[in-house]
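This report goes through one protein structure, from a single side chain to the fold, the cores and the pocket. Please keep the sequence and the model at hand while reading.

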Amino acid sequence: YVFLRLRKHTLSSMGLSLTNWRLNLKVAGIVLACLVIPGAFFVGDTGSVILSGQVRLSQAIPALLIYFIHNVVKAGLPEEFFFRAFLQSRLSQILKSRLGGILIQSLLFGLVHIPDVMQLHNLTPLEAFCRVCLLHAILGILFGVLWGRTRSLIPGVIVHSGLNTLNNLGAAISLVFG
C-alpha cells in the first residue's frame, strides 16, 4: 500500500473503491455461494462439525461472523491486496499478458500457503505442495479472475475471507469461545 501510494496511485486504482459496490457484493455472493458447500464439506470441518452435533448452530453463527471479520483483517484484505492488486497487476504489465499475471500470482499464492497447510493438516512438504497446487493455486486463479474482471478488491476479499471462515469452524469456535 505504502509503495503504491508513494508512486501516486489512488485508492481506486488499488481496488479500494466503493464504485459499483452493489455489483461487487452480488458477484462475491454468487461466487461464495457456489463454493460454500464444497468448501464446508470437502475441504474444511464446518459441515461435519455442525451435522455431527459437536457445535450448535447458535454457537456457529456468532463464531463464524466474528471469525469472518478476523479473516478479512488477517488474510482476505492483505493477501488480496498484495497478490492481486499489486503482484498480478505488475506481472500482467511486465509480461504484457493478463493470463500470465494471473497464473504466476496464483502459483506464488499457493506456494506461500505451504507452511500453513503443513501445520494445519500435519502434512509432509510434498503432501502440502500437492494440496496447495490442487486447491490454493486454483483459488488464486479464481481470485485473479475476480480482480481482473472487477478491478475491485471487494469480491476477492469477501470470497477469500468467507472460504477461510467456512473451512475452519473449529478454529472459529476456539477463537471466539476459547
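Which backbone oxygen lies 3.0 Å from a polar atom of the side chain of serine 89? The backbone oxygen of alanine 85 does. The model is a predicted one, and the values below are computed from it.

## Serine 89

Serine 89 belongs to helix H4. Serine 89 counts as buried because its relative accessibility is 7%, and the cut-off for buried is under 20%. Its side chain has a polar atom 3.0 Å from the backbone oxygen of alanine 85.

Beyond residues up to four places away in sequence, serine 89 touches Arg84, Trp147 and Arg151. Two of these residues, Arg84 and Arg151, return below.

## Overall fold

The protein has nine helices and zero strands. Along the sequence the pattern reads α-α-α-α-α-α-α-α-α.

The protein has 178 residues, and 41% of them count as buried. Of the contacts between residues at least 6 apart in sequence, 72% join residues at least 24 apart.

In soluble globular proteins, nonpolar side chains tend to be buried together. Here the largest nonpolar core has 12 residues: Ala28, Val31, Leu32, Phe83, Leu87, Leu91, Phe109, Leu139, Phe143, Leu146, Val159 and Leu163. At least two residues of this core come from each of helix H2 (21-43), helix H4 (57-95), helix H7 (125-150) and helix H8 (153-166). There is also a second, separate core of 10 residues, with Val55, Ala60, Ala63 and Tyr67 among them.

Leu91 is one of the residues of the largest core. With neighbours within four places in sequence left aside, leucine 91 is in contact with Lys96, Gly101, Ile104 and Gln105.

Side chains of opposite charge can pair when their charged atoms come close. How many salt bridges does a search of the whole structure find? The search finds one. It joins the side chains of arginine 84 and glutamate 80, with an N to O distance of 2.7 Å.

Both partners lie in helix H4, four residues apart, or about one turn of the helix. Are arginine 84 and glutamate 80 buried or exposed? Both are buried.

Threonine 165 is in helix H8. Its relative accessible area is 3%, so threonine 165 is buried. The side chain of threonine 165 makes a polar contact of 3.0 Å with the side chain of asparagine 71. A polar atom of the threonine 165 side chain also lies 3.5 Å from the backbone nitrogen of phenylalanine 68.

Proline 78 is found in helix H4. With a relative accessible area of 38%, proline 78 is partly exposed. Apart from residues up to four places away in sequence, proline 78 touches Val72 and Val73. The C-alpha atoms of proline 78 and valine 157 are 8.8 Å apart, while the two residues are 79 apart along the chain.

## Loop residues with positive phi

Lysine 96 is placed in the loop between H4 and H5. Its phi is near 55°, a positive value in a residue other than glycine. Why does lysine 96 count as exposed? Lysine 96 is exposed because its relative accessible area is 73%, and exposed means over 50%. Lys96 is also one of the contacts of leucine 91 listed above.

Arginine 151 lies in the loop between H7 and H8. Phi of arginine 151 is near 55°, again a positive value in a residue other than glycine. Arginine 151 has a relative accessible area of 43% and is therefore partly exposed. Arg151 is among the residues that serine 89 touches.

## The largest pocket

Rolling a probe the size of a water molecule over the atoms shows where empty space is left. The largest pocket has a volume of about 740 Å³. It is lined by 30 residues, of which His113, Leu120, His136, Asn164 and Asn168 are the closest to its centre.

Two or more lining residues come from each of H2, H4, helix H5 (98-112), helix H6 (114-121), H7 and H8. Which element gives the most to the lining? H7 does, with seven residues.

Notes. Residues numbered from 1 in each chain as written. Predicted model: local features only at pLDDT ≥ 70, side-chain atom pairs only at ≥ 80, totals over all residues. Heavy atoms only, no water. Core = buried A, V, L, I, M, F, W, Y, C linked by side-chain atoms within 4.5 Å. Buried < 20%, exposed > 50% of the residue type's maximum accessible area, 1.4 Å probe, protein only. Contact = heavy atoms within 4.5 Å. Salt bridge = Lys/Arg side-chain N within 4 Å of Asp/Glu carboxyl O. Polar contact = N/O pair within 3.5 Å; in protein donor to acceptor, adjacent residues only side chain to side chain. 1 Å grid on protein atoms, 1.4 Å probe; cavity = no way out; pocket = protein on both sides within 12 Å on 5 of 7 lines; lining within 4 Å. Points joined across faces, edges and corners; volume = space filled by probe spheres on them.
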